Structures are given as structure tokens and as C-alpha cells.
Amino acid sequence: MTIRRNWQGWALVGPALLVTLVLFAAPMVMVILTSLHRRTGGTTDRTLSLDNYVRLATDSTIHQALLNSLEVVGLTVFFSTLVSYPLAYIIAFRVPVKWQALVLLLTVVPFWTSYVVRSYSWLLVLAKNGVMNQSLQSFGLIGEPITLANTRFATVLAFVHFFVMVSTLTIYASLRQIPNNLPLAARDLGASPWHVFTRITLPLSIPGVTVGAFLTFVLAIGDYITPQIVGGGNELLLPQLLMLQVSRRGDFPLAAAMALVLLVIVAAVYAVSAKNLTLERRR
Amino acid sequence: MTGAGIEIENLVKDYPGHTALDRVSLSIDPGSYTVILGPSGSGKTTLLAILGGFVEPSSGVVTVDGHDVTTVAPSKRPTTTVFQDYALFPHMTVGQNVGFGLEMRKVNKKKRGDLISEALEMVGLAHTSDRHIADLSGGQRQRIALARALIVKPRVLLLDEPLGALDVKLRRQMQDELTRIHDTVGTTFVHVTHDQEEAMSLADTIVILRDGRIEDMGSPERLYLNPATAFSARFMGDSNVISGTVAAGGDTVDTVWGTIGVAQTNNPNSLVTLSIRPEHLELGPEGPGNLGEWVVHESHFLGQRQRVVARRDSHEVLISLPQTASVRPGDSVILGVAPDRAKIVKGDA
Amino acid sequence: MKLLRGSIAWIYALVVFGFILLPVVSLVVFSFQATNLPLPPFAGPSLRWYEALFADSGMVEALRNSLIVGVISAFFSTMLGFLSAYGLARYRPAGAQATRAALMTPLGVSYLVIGFGLAITANELALGRSLVLVTLGHIIINLPLAFAIILSQMRDEDETLEKAARDLGANEWIVITRIAIPVVLPGLLAAFLLSFTLSWDEFIIAFFLADFDVTLPIEIWSQLRTGLDAKTNAAGTLVFAISVVTLTLAYVLNRAVQQRSRRP
């Protein structure tokens, strides 16, 4: 019985595993391999060497790009979480239950427009004669239009606009999982509303915050479009540097090494936060 | 710490579509163990929630120890609640859970530690302070919930079907624990349940709720042996409930089963409902024999007693016989009931 | 105090929703712009940009390509996701944990890296670039999601239904097609439609793997680089409309399926 079960189980899972092997594992191996090649002159030298990694360790442009990426993504995660938490809280506890799904949908709906188009729209909003400058001037906050587009501010703003949705959903899920009687029990034992929040609600919603932050980090750090379009390529982030190697310089090996750096960063962040990365109810 | 007395006056709770509590008035003695008993939908959970301050009544007054607490928030009432699924904080240890109420009252860490140890000992879980909730069994969690609620020395302890999730043996054990703890601390206990056995084993006073109203109220013996209504008779255990007409003398009732003597005199020709407990039916010609001959239809050996169903024509009667009785399906038996065992109850058969 | 807290909450919610929705609302509104640029003042409404969009053969082709790639990749992601979820949930082969982890790994890798990896590999194998490769790329990014969604829908109680069917004489094929699939149909639909939606607007992998036959996001990107006009607003609004229709369809179908099977 066990043998039959095993065999049939493998037969069913097999195709997906095969696909994952061919379309994911193999390409990843290729990336690692390629990172050990060198691009010299106009050709690729396939002798294995660590030149690219030496380059990564010493090239200050690359370091700067890495630093920029981490800073931009860090700011994004920070502000997205900050904006999302109250929103998720309001939806979970202030909106009548039957409207909650609809309101959540409303947070997600804007992202059904084209990512590319939406990014370009930000350029318009942030332009010298765009909506933002005009409102700032009409509120008397600035005298003359300021440069908003093609800046780090623009990139972070556009990122936060997108990722608020992610954290709102994960934090909402976490908040809703808190059994209703826990805040009641806390109040019953004398807790003030503030204490109920800080001692019960907030701690129990940390998984949602962590998952949201992690997803935001992973998605943002590998994002090419937003920094390229909205940030105007004024500040180079890692994805853009990678694309430069590919499109302009044809240096696949170096690009591959950069890709691995991205992977390692994500893996490191995952390792650090793995404990908290589950939305399942803790029994 | 002695318990507080509770006065409930004309409590009403309306929801769109139905009324959960319909003018309930009740006095609960200080330090007593009162059980609110009723089927689902009877309003018992609503009543407890109002006592705890989690729900505001539509009208009516709740007084604890002379103070009107009708609109007072749970954190400011002298009551604490043991919730149905314990509501233990999963991200805190046993000690942190139990000490939570003290923390809210700004008791210092050292004192808290001492009180927590005391409370844990009282519920039989000494030295578990650092354990995690997830590692505890149902029975243990129950005790922690109890310790957490009692450590703040409430005047009234509210229990919402606390034993529902436990298996039978554990339930019996916990019932003994609850009685012991109640006797030790002296707080007024108000315990909600749908299990009449549990009610009888724990309560000084039982309040039977039905459809938002008090159906009957009294000590377990009185409710069992002299139920006020047919519903109460049936809810507190098995019962045979039949209707009849009072005969000319006023002290017997003519029923389809035969003429049955009753203890109280009543108006002749009035229609009454009688309740007869299965264990009060006597077998054989040695007894009163006033119910005539019946044929045994089913017989089940239940250990302590035997449960027998007998029939005559279209009528059926439930009898509870001693362990040693030997009747088998098909046997013919003569049944009787003594006059003080047939109770007149309100309501229809 | 309570009233103040309440109104602060609503003000906050309104501000955040404004932030989220405003760019989109202006996108849609200005797609109906009568003048050239999608900027205030609004001189509409006019359908000229939609006409321009559909007259643009590049856009129309790209739209068609996106639909085809989306449907095909979503289909395969869902099917593979179902088979592996079913296999793991019902047969519990040895190494199930490892298998699950393996199938989910692609989720942790940026699309940039996946696209790049596939591009290098295709290059090595002299496969060139094509929509087929794009489809493959979309399959691999959506497979983990489809798998996770469907797996979460498989409950132990349903296994009893399947055992009952076998007990009554059904063979494996019937058990899968007549019992297992109908029960998880909401999950299958959700997986399919999510995969489609993600494929539909996916840029970077398509960018790496497509050549002259491009998907919609790439076409929009190319056109936007040469100049901004309201035609891209129309494209964006169109993408939006299709997504709304798809997801509404998902919701309606899901409701219908759930009504019929009425899980306890």
C-alpha cells in the first residue's frame, strides 16, 4: 500500500518538479556558471574565474548601486508598513464585516492597470507643471515648482503607492486571525484600549507585518521599471546596473554575478526573518 | 474576599429580529454558586455578557454589591470572566497570562511573581509559570484561565460554559475543582451551561432560562423533585409528562394511564399536566399498582440503572429500574406511582 | 474622545485611499481626453485615443499576444499546480516537505533574475527569443502560486469523499475528474485567473525573452519612450478593464461553483 502510494504520488508531482527543474533550477545553475565566465573584448571567455566577483568587491559604482538599492527599498518597506498598518487596522476593526472584502478589493483594484503605464503616470503627476507641484504651490508650501520627478523621492513614492496594498493585505489577515475574545479578556482584566492594542493586538499582528515587509523587500529590490521610469535613471539601483550590463555592454557574466548578489541578499533577509514568516494561526 | 450580591432588574436585550432577554429579574446571593441553565438560544450567554459588561442591555438595571454597573465597562467592574475557549494570550507564557490583570493594576514585579505562584498552586499547576500556552492540554488551559480570572480577586466570577470542551472524566474532575475553589475563595460564581448534570453538581441555585425568560429557579433538589413547569421537568432529566383532569375529590387526577393520586388538592374538572420521574415508577403488585398492566418494549442496562420503555395500546412510558431488576422485552409488568411522586406542573404535556 | 478617534480613522482612510486611487482615476479619466496630452484641463470626453489604440496594429498585436500567452501559461500553471497539490495532499510520498519547498522556491527569486536566467539558458541552447519562451517564463513564475492556492483548498475531509468513490468502484481517472477537481474548483479558478492576471501585466521576463512579437506591456513601454500621449492612457485603461472583467468573472464563477457544491 505504501509503495503504491509513493509511486502514484511521485507520478503526479513529477511533471511540476520537472518543469521547475528545467525552467528554474537549470537557468539558476546557468547564472552561477555564467558568473564565472569573463567578458573580454567582444567575446566571452569561458575559463572559470572569479574576476567578476573581484570586480563586485572592488568596484565602487557597484557598491553605490547596492547601497542605493538597500536604502531605497528600506525606505519603501518602512513607509509602506507605516501607511498600511493603520489602514489595515481600520479595515479589520472599523469597517462592518460584510464590507471588508470590498474595501480590501478597493486597495488592490488600482493595480490592475498596466504597471508600465502607471509608472509613467507618476512622471506626469510629479512633473514641474504636474498636479503635485500645483497643489503645493496653491497651499502656499512652495514658491516655485520643484523637481520631484526623476528623484529618489519619486521612486520611493511610486514604490510605496504600490506596496501599501501588499502590507495592507498581510496585516489585515493577521489582525483578523486574532480571536475576538482576546481583546475582551484583556479588557475584562482591566486593560485600557491602549494596552489592548500594545499588549495584545500589535504583538499578534507582527507576523502580518513581517510577511508584508518581506514580500515588499523581495519584490522591490528586483524591480527595474519603477526606478528606471520614475527615478529617471539618475540614481542607479542594482537592477538597472544589471540591465546596463546586459543591454549596453553585453557583459552577461558580470550581470550574472550581480544577479547572484540579489539572490544572496534575498536569501539572507529570508534567513533572518524565517521564524516570523507565517500567517498561520498559532495554536 | 467575599463575593458580592447581584441584583438584576427587568433586563431586556433586543436584537433586530428577536429578543434575547425578555424582562429577566433575579437576585444572586453573595458568595453563592449560581448556575444559569438553558438550551441554546435561551439567552444565557447574553445574560452573562451583560453581567460582564461586554453587552449593554436595551433596558433594565444590573447592580453589584449595591452599585449600578449597567453601563460600566468590563475593565472597571468587580467581575472577571472565564471565557468559553479560555481566551488565553497565545504569545505570552503561563505566568504572563495569569499575571496580566495584576500588570494592568500596576502591581510590582516581585509581588506579581508571588501572587502568580500562589494562584497557580491553587489551581494545581504550581511551577508552570514559564511554560507556553501551546504546550498545555485543555484541562490545564482551563485552570490557567481560572487562575488568571481569580488572581485579581473579583467580587463576582463569571464562567461561560467553561467545561464544554473537556471530555467526561475531565469534566467531572474539573467540577470538583470548581467546587473546591469556590469554597476556598468565597467569590460569587455565576456559571452558564446547557448541561443539567453539571448544573446540579455545582450549583447552590439553578436558574433555568428559556427563550429569554426565567422558567424556573431554585436548589437542584427542588428543581428536580418539584419542577415548576413541564419544560423544566424535561430539561432537568428524563420525565414522563402527561395531561389529565382533576377528579371529583380534588386529590386524584384521571389520565389515560389510570387514576393517579396527587399531593396537592386542586379544583375538580380542571385540566392539569403531570410529571412523573422514571425512577419513581414502581414495579409489580407490591407497589401502588395504580397504572395497570404494561408490556416491556425495550430494556437497556446502563450500569447503575436500567432504562426500560413499556407500552400499552398507543401509550409509552419510560421507567428507570434498579440494577438488579430483571425485565425483558415482552414481559408484562404492573406499574404504579405513589401520590407524592406525581407532580403537577405548568405548561402542556 | 471616541468620536474624535473615529473621525481621525475615517480621515486617514480617505487620505490613503485618495493617494491610492487618484493616479488611477486620473489615468482613466484622461484616457478620454480630447486634447493631446493626458494633463489637466480635461477637455473631453473623447474616444479618439481608443480609436488610435485600436488603429495601432502594433498595440493590437501585442494585446492579442498577451492574451494568448496569458491563457496558455495560466492553463499550464494551474494544471501542474493541481497535479502536484493533489499528489502531495493525497499520496503523501516520502520527501513531501522537500518537494513542497522545491516547488515554492521560484517565489523567492526576483522576476529579473528568473528572466535573465532563462535568457542566458535560451542563448546557450540557441533557442533565440520568442513568445513561447515568454510563456514558459510565465508558467514558472505562476506555478508556485497555483500550487499553493490549490493545496490550501485540499482538505482532509475531501479525501473521505474520494475513498467513498473508490469504494463504490471508481477508477483513479474518475476519482480525479469527477470528485477531486469539482471539489477544488474554486481554487482552480482562483489559481487560473490569478496566473492570467499576473502574466498579463508582466514586463521584465517578457522583455528578456520576446523578440519582435511582443506582449502589451513591452509595446506600451516602447511607445512611451518615444513620447507621452493619451493613447497609453487608453491602453492602461483597457488593461484595467480587462483585469476588472477577468476578476469579476472569477468572483461570479466562484460563487456559482460554491453554491453548487455547498461545502459545509
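Predicted model: local features only at pLDDT ≥ 70, side-chain atom pairs only at ≥ 80, totals over all residues.
In which sense does α2(B) pass α3(B), in a left-handed or a right-handed crossing? Residues are numbered from 1 along each chain as its sequence is written, while chains are lettered from A and ligands numbered from 1 in the order in which they are written.

**View 1. Two crossing helices of chain B.** Helix α2 (residues 94-104) and helix α3 (residues 109-122) of chain B have axes that come within 9 Å and cross at roughly 125°. That makes α2(B) oblique to α3(B) (under 35 degrees would be roughly parallel, over 145 roughly antiparallel, 65 to 115 roughly perpendicular, and the rest is oblique). The crossing of α2(B) past α3(B) is right-handed, meaning that the near helix is turned clockwise from the far one by less than a right angle. On the α2(B) side, look for B:G95, B:V98, B:G99, B:L102 and B:E103; on the α3(B) side, for B:R112, B:L115, B:I116, B:A119 and B:L120. Contact here has C-beta atoms, placed from the backbone, within 7 Å. These contact residues divide into 6 nonpolar, 2 polar and 2 charged (Ala, Val, Leu, Ile, Met, Phe, Trp, Tyr, Cys and Pro count as nonpolar, Asp, Glu, Lys and Arg as charged, and the others, Gly among them, as polar). Helices are DSSP runs of H or I with at least four residues, strands runs of E with at least two, numbered from the N terminus. Axes are lines fitted to C-alpha atoms, for helices over the stretch in contact, and angles run from 0 to 180 degrees between N-to-C directions.

**View 2. An open sheet in chain B.** The order of its 5 strands is β13-β12-β11-β14-β20, with antiparallel pairing; two strands pair if DSSP finds at least two bridges between them. At the edges stand β13 and β20 (343-345), each with a single partner strand, so one side of each is left without a neighbour in the sheet. On average, neighbouring strands are turned by 45° against each other, direction ignored.

**View 3. The β12-β13 hairpin of chain B.** Strands β12 (residues 252-255) and β13 (residues 258-261) run antiparallel and are joined by 4 bridges. The hairpin linking β12(B) to β13(B) passes through 2 residues. Here B:D254 has B:T259 as its bridge partner. β12(B) also pairs with β11 (residues 240-246) of chain B in the antiparallel sense, over 3 bridges, and B:V246 stands opposite B:V253.

**View 4. Where chain C meets chain A.** Of the 2 pairs of chains in contact, chains A and C share the most contacts. Here 60 residues of chain C touch 57 residues of chain A. α1(C) gives the most to this side of chain C, with 11 residues. The side divides into 46 nonpolar, 11 polar and 3 charged residues. Chain C itself has 12 helices and 0 strands.

View 5. No contact joins chain B and chain C, whose closest C-alpha atoms lie 14 Å apart.
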